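The following report describes selected secondary-structure elements of one protein model and how they are arranged. Please consult the sequence and the coordinates alongside the text.

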Amino acid sequence: MPESVLSPRTQTTDDLFQLLDILPLPIRSILVEHPQRDNLIEVVMDLGRFPEARFPQGAIYLSETPITKADLQYSIARVGLFSSDNRAGIERTLHRISAIRNRTDEIIGLTCRVGRAIFGTITMIQDLVETGESLLLLGRPGVGKTTALREIARVLADDLNKRVVIIDTSNEIAGDGDIPHPAIGRARRMQVARPELQHQVMIEAVENHMPEVIVIDEIGTELEALAARTIAERGVQLVGTAHGNRLENLIKNPTLSDLIGGIQAVTLGDEEARRRGSQKTVLERKAPPTFSIAIEMLERQKWVIHPDVAQTIDTLLRGKEPGQQIRTVDEQGAVQVIQEAPPAPSPSYSRSVPSFMPETPRPTGWRASGRMAPLSPLTSTAPSHDFDHLLEQSWQQPESEGDKVRIPGPNGEDLPIYVYPYGIGRAQLDQVIDVLNLPVVITKDIQTADAVVALRSHVKNHAKLRQMAKGRQVPIYGVKSNTIPQISRSLKRLLGMDDPHTPEAADLRLFARSGDDDELEALEEARLAVEQIVIPTGQPVELLPRSPKVRKMQHELVEHYRLQSDSFGEEPNRRLRIYPA
């Protein structure tokens, strides 16, 4: 096991020769003798091209003979199975082999990346790791996020004696195979069958293995961000990574913005907007951040620390530059901390507009001062009195009682449709009409109704209702059950808007009762699970545990997509499982 020393306090283990053994002999022999072998980053082999080795100083060709299919097969046969994310590994090493496939699913390229366990890399943030707060590591690919994550897991497990569970989606943290690499120390590793199931394994780890710390690499979907928030709210320390150089990247990324509290648009009053010197519509943080501390890894030995993510995000959303703490390690292994104060505020208006919001010109003159007053009625001209008189008369014209107010629809039909409900919950009916903005008016008089909407069970047992509707030639639309999806479907069928073969995006306001954040978060989780996993892949999905009231809303949302779901487990961990059609 080759080892090298980066500084007096760091030590590297890379198992390099195990990676070289999977390469074709001509390539391997060149790399074994190469003077920069210990600094190798990756080897690239693409069909019909020269093999390439990449080092920190640049890339070089290893041969003038193009790669053949036999060369690729030689390497493929010596690594583990490729998962659905086209990644494989070498058992009990940290190396990663990634495949490029053609349109017929045949492998035509390999990227063989060297995995290194570097002990002592987190000297810069040792104090932050020991606080017990959740840490988020940001940085471009290749800057060392996974290496730092691996070392943090080892320090927490071995030095601080905490129960650490690693969610290892692509076996990149603890290596390939069933036995994890020694670089993670006493930390435990849970593998993930398919990348899209990472959020489920995150919740499973908390429920089944009582961890004090959860370590996650590459949080990349909304479901994973929601699962991370749920874990943090249960008091478990989170350590995770996300792609993006700076916190500003997460603010602009709607998929991952929940990690730093979520972003929402807020309309300010005139006084508050003037006090802030900003636009009336501004962006604000929606909730406490999932991660309390953020670390921007600009370079391997230069990291920017944000010890209070909430304060940093609030400062950025106000269009100001936050102060930052820069930590570096010198050649002797000593940590240098530089505290940079925020730049002095500029008197210009533009500083209060974040760079990711379109800036609109500020009004000037009397409008900007707020002192513009309406003209006095005494200054009105005489001819306007006649107009005012006619306008007053127009408001007082009597309207005959009982007449329906009609306007022509887009296809020439008369709108709105007057509906007489029978056995249908009025609250659900009003909610569907209001949220979907349907041209429907509820009437209590069947004499004036254009249609009857009733529960099917009531229609079967109520002969008088059928006779009255038949005598007045009013159609009856049956509703299977008194739920939001069924009511919505019946009203759309009445209006000719329902197409069972075209699934329509769900409006979450339809299914929420009080509209609070917990309800909307649970409904958003169910929507994402259906639209991103169940429908595209045909795989069942389990959601996070919820209360009975919220689970009922999730059931109704799943029914909207014409899918089946059921609840399982014991309270308080009872949750939904959604099945494909």
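In helix 16, the residues Ile484, Pro485, Gln486, Ile487, Ser488, Arg489, Ser490, Leu491, Lys492 and Leu494 are buried. Buried here means under 20% relative accessible area, with exposed meaning over 50% and partly exposed lying in between (1.4 Å probe, protein chains only). Helices (H or I, at least four residues) and strands (E, at least two) are DSSP runs, numbered from the N terminus. This is a predicted model, in which local features need pLDDT of at least 70 and side-chain atom pairs count only at pLDDT 80 or more, while totals for chains, interfaces and linings use all residues. Residues are numbered from 1 along each chain as its sequence is written, and side-chain values use heavy atoms, with hydrogens and water left out.

Because 10 of the 11 residues of helix 16 (residues 484-494) are buried, this helix is largely enclosed by the rest of the structure. The cover over its buried residues includes strand 23 (417-422), helix 13 (426-436), strand 25 (451-455), strand 26 (476-479) and helix 18 (548-560). Just after helix 16, Gly496 adopts a positive phi of about 75 degrees.

Strand 11 (residues 164-168) is mostly covered, with five of its five residues buried. Val164, Ile166 and Asp168 point one way from the strand, whereas Val165 and Ile167 point the other way. Strands count as paired if DSSP finds at least two bridges between them.

| Strand | Partner | Sense | Bridges |
|---|---|---|---|
| Strand 11 | Strand 13 (residues 213-216) | parallel | four bridges |
| Strand 11 | Strand 12 (residues 188-191) | parallel | four bridges |
| Strand 4 (residues 52-55) | Strand 5 | antiparallel | four bridges |

Ile167 stands opposite Ile216 in strand 13 and opposite Met190 in strand 12.

Six strands form an open sheet in the order 5-4-3-8-7-6, with antiparallel pairing. Its edge strands are strand 5 (58-61) and strand 6 (87-89), each of which pairs on one side only. From one strand to the next, the twist averages 20 degrees; axes are lines fitted to C-alpha atoms, for helices over the stretch in contact, and angles run from 0 to 180 degrees between N-to-C directions. Within the pairing of strand 4 and strand 5, Ala53 stands opposite Ile60 in strand 5.

Helix 3 (residues 69-76) packs on the sheet and touches strand 3 (42-46) and strand 8 (107-113), contact meaning heavy atoms within 4.5 Å. The direction of helix 3 makes about 50 degrees with that of strand 8.
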